[in-house]
Amino acid sequence: MRALDGVTLSFGKGATGLLGPNGAGKSTLIKTLLGFVRAESGAIRVFDLEMPARAIDVRHRLGYMPEREISSPKVSAVSFLTYCGRIFGMSRVDALERAHEVLNYVKLGDSRYRNMETYSTGMLQRVKLAQAILHDPKLLLFDEPTNGLDPDGRIEILNLIQDIAERPGVSVIVSSHLLPDVQHVCSQVVMIDKGRVVQSGDIQALTPRHDNHFEIRFRDNDAACVAALRAAGHRCERLHPGNTWLVQCAGADGVRTIFETAARCSTQVRHLQPARHSLESVFLQAVGKD
Amino acid sequence: MPIYTNTYRQYDGQPRHRFRWLVVVEQELKTLAKFRVFKLLCLAAFLHIIVRLLQIVAYDVLAQDPNNPLQLIFANLDVVEIKASTFFGFLYLQTSVMFIILLYSGAGMICNDVRNNLMEIYFSKPLTWVDYALGKIMTLVLLGLSITALPGVLLVGLHNLLLPGMETLQASWWWPLSIMAYSLLIVIPAALCILACSAQLPSQNYATITIIMALVADSSLAGLLAGLLRQRNFLGVSFPLALRRIGEVLFKDTRVLFTLSWHWCLLFVVAVTLFALFIVLRKVRREEIAQ
Amino acid sequence: MTAIIEAQGVSKWFGEVVAVNNLNLSIESRITGLLGPNGAGKSTLIKLALGLYAPSRGEIRVFGSRPRNNNAVMRRIGYCPETDYFFENTTGYEFVYWLNRYWGMSRRDARRAAEAACELTRMTERMHDPITAYSKGMRQRIKIAQALASSPELLFLDEPMNGLDPRGRDEMYALIQALADAGMAVVVSSHILYEIERITDNIVLMYRGTLLAQGQLHDIRGLIDRHPHAIRVESRQSCAISKDFLDLPDVTRLEFEENALVIRTREPNACYALLNDMARKNEGLIEGITCSDDNLQSVFDYLTR
């Protein structure tokens, strides 16, 4: 079975999400971008350089944050990053300076001088991120960047990625299974399944508003409200726990009807949101097709 | 004055050097130098060198000086005399220490990188598999040569300095060449075999155990064959003894252990070396693609 | 509902490290989310409930008796750990079958239980394939199958959604819901907050070994007095409607965003009443009402800062 079959893509500026089930060909795509795997047919150009012939030149301007947890015992973060910098060809002084700069950026404090075997998962993720941006690359590949992180750490890393994506001339590709993370950071998305591109485009465009559908939550007495709404001809469906309902209004003036119903049942509407197609439903639909 | 924002500068630097494998060597040596065991092993190797240094001084200065009270003792001691076989003995004894140092340094070199998932990081940088493999190999080779060939050649130089004259020079001009050749023979196969075990096996401990067991098995087999078949030439099956045979020829030593032609021994050594090299390169190349 | 797990003054330390510090809680409902960052003590609590550790101090009771060295209790619990180690060369079915036999079932019972468990976790077609051929989602499902073997009444799932793709996540949610509907009490432990929000409303928040909060999410939010409720109103005339909110006594802050207004108030009831009124009178004036800090992330932030 082919890992990638006739994939035509182009990644531009800003952040793009790369989604797909396990074994769909995401890793193969990433390996091809890094120059490890030679495509059997078709052409790949990164920074307008032919791959994989010019792989080494491309890697000077490419940063990769792998998925698996790394550890480099007996070596401190500063030492490790200086080494990475020297592999890029920086002088020792340059490499050391930049190592400290990116460590400040990822907010790794004084623990940067300790050996990496004493680091927690969150700190190791930051070191991974730091080594990816050390040489100011114009293309960045993040593979599951929030793996194993605390809620706080997740938010910090996502904000860092967003910040990096906003730098001029930088293109970021985030591959993740966590759709809310991708929605937080990316503006575009590419979905891959069984080696083919099944969906791609702007996230806002792919998840348009569902006309006349609203997410509603009542303060209490929702059974009566739902019954009244159903009687009036609107369809109500219960969403995931939290007493949230998806109401499909028949005809215009739907919002006012809902509020009037709530007032009649002596309760309040506590949550009102026009329903959007969620990225998850788009993904499941695109992937479930085959 | 602009307010500092928390970000990192742009970098438009160009690559500075053509030898990326030197960076790998430097980093490996820096990391090794932190371990106390490594420092102790190097000290042991160094002590041996100091002993030889004293030996040269004893012979060249003290044994020649008629006024020195120790002269009588040293002049008659055959062991102190500086000949080609002195350096052969130095290298032969230094082999064990050198092997232990290389084993300590090299057993974890590749398998630790694989276990710690660092291969992806290294190969996403402009580092080819050739650079990586060459860096690891050259670390061990340079380490090995620095305690065998380097002191050996310097000691020859010292010998000539302390005992100047055409006679010494004529006797010893070919010693550095033999020293270099023999050192390369003992260092390179050892380095490659250790790296091959490190590349194939999943952990540092397994690699160490495997190579020691291979050595023990090899020597036992040689001894067994030589004893059972009553043919001393079978001792050549043992790798260290094959190396010794070649050394005997290189240093024109007449005290041979067995009479098997050195061609066979050299063939054996080269075959093992090439096999180990093949394993290392194949594994590193596969690591680059597989991840 | 009676309490299934009850902990009173439980502390557990390992040398100098205190993993769980004076914990008092009781877990009863159908699906409970056990949340907290790494190092909060979630795994230790689960292991204490399983009887793998004995508490250094205090008492923990599961189904009314102490779980330590207590076969009667352990027979009623299933555990699906976070780690991913199997006997790689066996098939999924064999794995579950042999664990059933270790559990003490006879051959026939073990076979039947293994088949039933695979049926419930929808692994029937692939159960005779070796585990090395399984995807991550299938491995997670086999782990759950072995936990279900003895038809437990209490099931612990430690990070069940680790490494699953969105489709696998969806299937896992459905499976957990199905298990809860079948009458099982399920405790799901995770550090990814929005996953738990999707499955259940009943949460236990832990932080650094102590219990931060327990109960329904909205109730917990209501109890956090220190931070006024933040109500976000989306409206194109946010400036015009804001004047009415200035009159409300408990409003502490008004923040203006593009086409939206964020009101912070200590008395959300009055605020909502006003909003409902406005929306009834003018169609299209109010386009959205959300409580922007009524989610787990915000609650967690407020409690830990």
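**Chat: a strand, an interface and a helix pair**

Q: Is strand 5 (residues 77-80) of chain C buried or exposed, and on which faces?
A: Both faces are covered: C:I77 and C:Y79 on one side, and C:G78 and C:C80 on the other, are all buried. Buried means 20 or more other C-beta atoms, placed from the backbone, within 10 Å of the residue's own. Strands are DSSP runs of E of at least two residues, and helices runs of H or I of at least four, numbered from the N terminus.

Q: How does that numbering work, and where is the model from?
A: Residues count from 1 along each chain as its sequence is written, with chains lettered from A and ligands numbered from 1 in the order written. This is a predicted model, where local features need pLDDT of at least 70, side-chain atom pairs count only at pLDDT 80 or more, and totals for chains, interfaces and linings use all residues.

Q: What does strand 5 of chain C pair with?
A: Strand 6 (residues 154-158) of chain C, in parallel, through four bridges; pairing takes at least two DSSP bridges. C:I77 stands opposite C:L154.

Q: New topic: how many residues of chain A are in contact with chain B?
A: 33 residues of chain A, in contact with 27 of chain B. Contact means C-beta atoms, placed from the backbone, within 7 Å.

Q: Which helix of chain A gives the largest share of that side?
A: Helix 4 of chain A, with six residues.

Q: And which residues of helix 11 of chain A meet helix 6 of chain C?
A: A:E280, A:F283, A:L284 and A:V287 meet C:P166, C:R167 and C:D170.

Notes. Two residues are in contact if their C-beta atoms, placed from the backbone, lie within 7 Å. A residue is buried if 20 or more other C-beta atoms lie within 10 Å of its own, exposed if 12 or fewer, and partly exposed in between; C-beta atoms are placed from the backbone.
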